[in-house]
Amino acid sequence: MKYFKIVLLILVLAPAAKAQDETPLIEKLKQKLNQVHEYVATGKMKTDVAFIKAPVGNVKMYYQQPNHFKLVRDGGISILPKGGISINMNSIIAINNYVALSAGNAMVDGYSTKIVKLLPMNENNDIVLTTLYIDEKNLLIRKAITTTKENGTYQIAMQYGQYSNWGLPNKVIFTFNTQDYKIPKGVTLEMDEPLTDADRKRMQQKNGRVEIDYTSYTINKGLPSGIFN
Amino acid sequence: MLTLLQVELYKIFKRPRTYIAFIAIAALIGIIQLGLKLDGDAYVSFVMNNVEQSFVFQGNLLNGYLVCYIILQLLLVHVPLLIALVAADMVSGEANIGTLRLLLTQPVSRNEIILAKFLAAAIYTLLLLVWMAILALFVSMWLFGTDDLIIQKTRYLVQLSRNDVFWRYIGAFGFALLAMLTVAALGFLLSIFADNSIGPIVATISIIIFLTILSTMSIPIFQKIQPYLFTTHMVAWKEFFDLKVNADNAAINGTIQNKQQIIQSAGILILHIVVFIGIAMYAFKRKDILT
């Protein structure tokens, strides 16, 4: 009787387990994103971290297959969350050896999406798990939550426009966890300043955000030599 | 009055002691610049350790603007000592060598003499700061280039765009002049009461060190008296290097976060200068000149 139950359970769950495999969808996405061999993008970057006061800056992004990515502030210093900003969709999808499992459906920004859990098989990969919210109809990733070994968990939300045929977003909102920041007054030698309510509210914010508004892409037209060195 | 001022300036710049401060500043700034040029990245990495655990900085972090800020932070605590060397000697030095009585036989009022002497000390202070600005800012810009200025404050980190920094330094040096004039006025006041230079110089230096320590210690009982100490307000030049943010937490170029603090601190320092010089004039008028 016990064996009969186990066999019955296997027979019932086996088709369901097969249905959960989303490898074909990921491969389709990969094909779409693989149209882009390299790009140079320009945009504006806004950093919103409780303990950082940074101006909005013009940035330039360089990407080359399979996973080379570089962000440069146009005239100035860029402050980027460690490891995280280089995680773009092309590099996530560039993983070859993975398991893709369905985890249901959800609405993202008014679009119906399929939730896919992407698990890299290579144990040395920094990415441990990525949850993708895929707009199957338009074959676009609307949102991704990535957990890494070294740099915590990141959420990347994407909005698309004229470059959606290439799978490239017009806007990326990158959300990450931040640590506390405090330097003793004896080191900075500053005057004591009373905290306003707005300051206090801002300081309590534990998530950081980096928003990049892409203004243009130059796709598959080559890159400046040595840009990733 | 102008002749008196010229005479006082001549006396200041005739003394070898005057040039000690210029040489000391040049040597200190040169050493800091050399050290940062040779191993500045390690220094920046050490200072930014708190933030570099979570963030990556791309760009020329160790640029001329940051080097100047580091130098100002280090030196503006010590420059008062160099100013005291001259300011606290202005009257007592003359009393010591016996020329004060001779000076007062001239057909000028005591107030004019005091004002001329203080103005001469103020010009010396101004020249010292201009010298410091040339070496700390312009030479650093030439040696290290320019880029955005990133400053770590007690509660947050500020990024100033490179085209939004220079005017802040002009403001900071202007404010530093007020702070140093307060020290000069204190030294000058003390020099009225002594007949030798050592006493007022050491007294000025001791007062500055004592009050600076009280101003920087984050102990609640000291924090209550800190707003009343002029040394607390001497560091308000740093307020030039902080800016406002908009509702989206994006920094607004060309703004100052706490302009009111700068105005208030400048007012307090000016008040100290006026009070110190006022007392000096009053005391000098009533002083029985015996030497």
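How many bridges join strand 1 and strand 12 of chain A, and in which sense do the two strands pair? The pairing is antiparallel, over 10 bridges, between strand 1 (residues 38-48) and strand 12 (residues 207-219) of chain A. Here, two strands pair if DSSP finds at least two bridges between them.

Some ground rules. This is a predicted model, where local features need pLDDT of at least 70, side-chain atom pairs count only at pLDDT 80 or more, and totals for chains, interfaces and linings use all residues. Residues are numbered from 1 along each chain as its sequence is written, while chains are lettered from A and ligands numbered from 1 in the order in which they are written.

Chain A, then. It holds 5 helices and 12 strands. Helices (H or I, at least four residues) and strands (E, at least two) are DSSP runs, numbered from the N terminus. Of the 229 residues in chain A, 29% are buried. Buried means 20 or more other C-beta atoms within 10 Å of the residue's own; exposed means 12 or fewer, partly exposed is in between, and C-beta atoms are placed from the backbone.

Contact means C-beta atoms, placed from the backbone, within 7 Å. Axes are lines fitted to C-alpha atoms, for helices over the stretch in contact, and angles run from 0 to 180 degrees between N-to-C directions.

Next, where the chains meet. Chain A gives 32 residues to the contact and chain B gives 40. On the chain A side, strand 5 of chain A supplies the largest share, 4 residues. That side divides into 15 nonpolar, 6 polar and 11 charged residues. Nonpolar covers Ala, Val, Leu, Ile, Met, Phe, Trp, Tyr, Cys and Pro; charged covers Asp, Glu, Lys and Arg; the others, Gly among them, are polar.

Strands cross the boundary too. Strand 5 of chain A runs antiparallel to strand 1 (residues 55-58) of chain B, with 4 bridges. There, A:Pro81 has B:Phe55 as its bridge partner. Strand 2 (residues 52-53) of chain A runs parallel to strand 3 of chain B, with 2 bridges. A:Lys53 stands opposite B:Val158. On chain B itself, B:Ile151 also stands opposite B:Val158. Strand 2 (residues 149-152) and strand 3 of chain B are antiparallel over 4 bridges, forming a hairpin with 4 residues between them.

Last, two helices of chain B. The axes of helix 9 (residues 166-192) and helix 13 (residues 259-286) of chain B come within 9 Å and cross at roughly 20 degrees. So helix 9 of chain B is roughly parallel to helix 13 of chain B, the term for angles under 35 degrees; over 145 is roughly antiparallel, 65 to 115 roughly perpendicular, and the rest oblique. Their contact residues divide into 20 nonpolar, 2 polar and no charged.

Notes:
Contact = placed C-beta atoms within 7 Å.
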